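User: Could you walk me through this model before I plan anything around it?

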Amino acid sequence: MIVFFFLFFFFLQPSSYAEGELKPLRCIIHLHSDWSFLSESNSLETLAEWGKASGVDVLIFTDHALVRASWGLFPFRRTLHYTEDKASVFKKGTERYLLEIHQLQEKYPSLLLIPALEVAPFYYWSGNPFQGTLTLREWHRHLLVLGIEDPEVLKKMPLLSNPYAHPFTFLGNRLFFLCPSVICFVLFGYLRKRSFYRDEQGRSLRYTSKSLRWVEYSFFLVAVLFLIESVPFGDPFDPYHGDRGAAPYQKLIDYVNAHGGFVFWAHPEVEPASSDSVSKGIRIVTEPYGYLLSLTRDYTGFAAYATGKGLIQKGGDWDQLLMMVCQKIRKSPIWVMSETDFIGGFESFRLNETVVWVEERSKTGVLKSLREGRMCAVMNTRNEHLSLDFFSVTNEEGKKGGLGEEISSQGKVRVAWRFRVSQPTYTPWVTLIRSGKPLGTFPVKDGEEAFFDDAIEDPKPERIYYRLEVEEPPFLTNPIFVSLAPRNLLSEKQ
Ligand SMILES: [Zn+2]
Ligand SMILES: [Zn+2]
């Protein structure tokens, strides 16, 4: 009986994904609560209530891990500094944040509540406060860290200004500060020695000149300050030497991957206007940073719809990156998702949605699908009149690949899709894109399956991909890859 049960169970397991086996879940990614700076008005519970009321399935909370920036006076940057440390998860308690979401999950079983963090691994300073030109730069280059729930691992993330960042790096050039430290100690010793004299009875006494004593103490203090600066361990990135390019971000991505998590770039097309502000006389500026998508590797994807649609243009940056994946110049594919970046107000709560197709309705199921690209990015869901039933590519043998998957083919495939349009008076148009180039634009009819038979001419590239895009209302699928290796090569591999 038990054997029978196991056999039965075994045969029930799907061998690969096919139409109908995956369930779509409506997911809101990038939400801030009162755990974050600037979002003090909404508790996690308010967000869960709103999620329940608006009928979505998944909420991914991404409060700020750390909102701390520090400006130090040269050469004593480690001791004489001004630091701003706003509300954040690290500041208020990482364990408590995770626990609160866990408890909320029990209270709201109809929702899946997933904790994640938004991080700023780097920033740098330009100008100086004495001329009123101090500027905090690139603070808003943000990434979303998902899939890690160990507070100790989270707290050690390599973020500039994170005192627990791990591991420390040996910084040989800091030993340079030993020179002025030694000089000051010697001068202090010399002055101190000079200030003693012996009287007629041979007793050791001290001159009582106050100003001389101040000079003496000052040398001692400066010697200690230099000594602190000379400790040769710390973060290899500091905010005083300009932009460090991709390096601090790559370090964060590598750290998260090494601990079993994954990373999405948040709002890479941040509008300079919205991130150009002045706080306490300090200007805060972040330029759009979409180019960092090509300079970093091994991240999972990026947010397509938040502040711009430049990266997802046909043949644009995203297509270029996917082409590199096809050519095996890049190892891992880059997926798109849609983020809300919610900081307050119910009206903006469901601005953007990511629809995730899952094998099982669980936190693990959602995270797995997000990693594997089984999702679509949807913008402005208040319109609510377009949803995807399926998108697939079928090869000559009838093998089907879905979102984020890869199938092999000799060169003839059928690309098929079906949408739901809840507003009958409106006909959206969908564009089928093959490796960055549009193959055609088709009207979308409610519930009607559409297909496109494609034949790839010689010389065939090693790998291609298909994706769908609707411009209005904005809707984007992740790609389906097709490897076009010749049959004998494929069978050799197997
Ligand atoms: Zn952000
Ligand atoms: Zn945010």
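User: Fine, but what am I looking at, and how are things numbered?

Analyst: This is a predicted model, in which local features need pLDDT of at least 70, side-chain atom pairs count only at pLDDT 80 or more, and totals for chains, interfaces and linings use all residues. Residues are numbered from 1 along each chain as its sequence is written, while chains are lettered from A and ligands numbered from 1 in the order in which they are written.

User: How many helices and strands are there?

Analyst: The protein has 12 helices and 29 strands, where helices (H or I, at least four residues) and strands (E, at least two) are DSSP runs numbered from the N terminus. Along the principal axes, its C-alpha atoms fill a box of roughly 110 × 60 × 50 Å.

User: And which domains is it divided into?

Analyst: Domain 1 covers 19-166 + 239-382, domain 2 covers 170-234 and domain 3 covers 383-494; these bounds come from an automatic or database domain assignment. Between the C-alpha centres of domain 1 and domain 2 there are 48 Å.

User: What share of the residues is buried?

Analyst: Of the 494 residues in the protein, 35% are buried. A residue is called buried if 20 or more other C-beta atoms lie within 10 Å of its own, exposed if 12 or fewer, and partly exposed in between, with C-beta atoms placed from the backbone.

User: In which sense do strand 6 and strand 7 pair?

Analyst: They pair in the antiparallel sense over 3 bridges, strand 7 being residues 135-137. Within this pair, Trp125 stands opposite Leu136 of strand 7.

User: What about Ser161, where is that?

Analyst: Ser161 lies in the loop between helix 5 (151-155) and strand 9 (169-170), and its phi, near 80°, is also a positive value in a residue other than glycine. Ser161 is partly exposed, because 19 other C-beta atoms lie within 10 Å.

User: Switching to helices: at what angle do helix 2 and helix 4 pack?

Analyst: Helix 2 (residues 44-53) and helix 4 (residues 94-107) pack at about 35°, with their axes 10 Å apart; axes are lines fitted to C-alpha atoms, for helices over the stretch in contact, and angles run from 0 to 180 degrees between N-to-C directions. Leu44, Glu45 and Ala48 of helix 2 make the contact with Glu100, Ile101 and Leu104 of helix 4, two residues being in contact if their C-beta atoms, placed from the backbone, lie within 7 Å.

User: Where are the cis peptide bonds?

Analyst: One of them joins Asp458 and Pro459, with omega about -5°, and Pro459 lies in the loop between strand 26 (450-455) and strand 27 (463-470). Another runs from Glu472 to Pro473, with omega near -5°, and Pro473 is in the loop between strand 27 and strand 28 (475-477).

User: Last one, is Val482 buried or exposed, and what does it touch?

Analyst: Val482, which lies in strand 29 (residues 480-483), counts as buried because it has 26 C-beta neighbours inside 10 Å. Not counting residues up to four places away in sequence, Val482 touches Val393, Ile407, Ser409, Val413, Arg463, Ile464 and Tyr465. Val482 and Ile407 are 75 residues apart in sequence, yet their C-alpha atoms are 5.0 Å apart in space.

Methods
Pairing = 2+ DSSP bridges.
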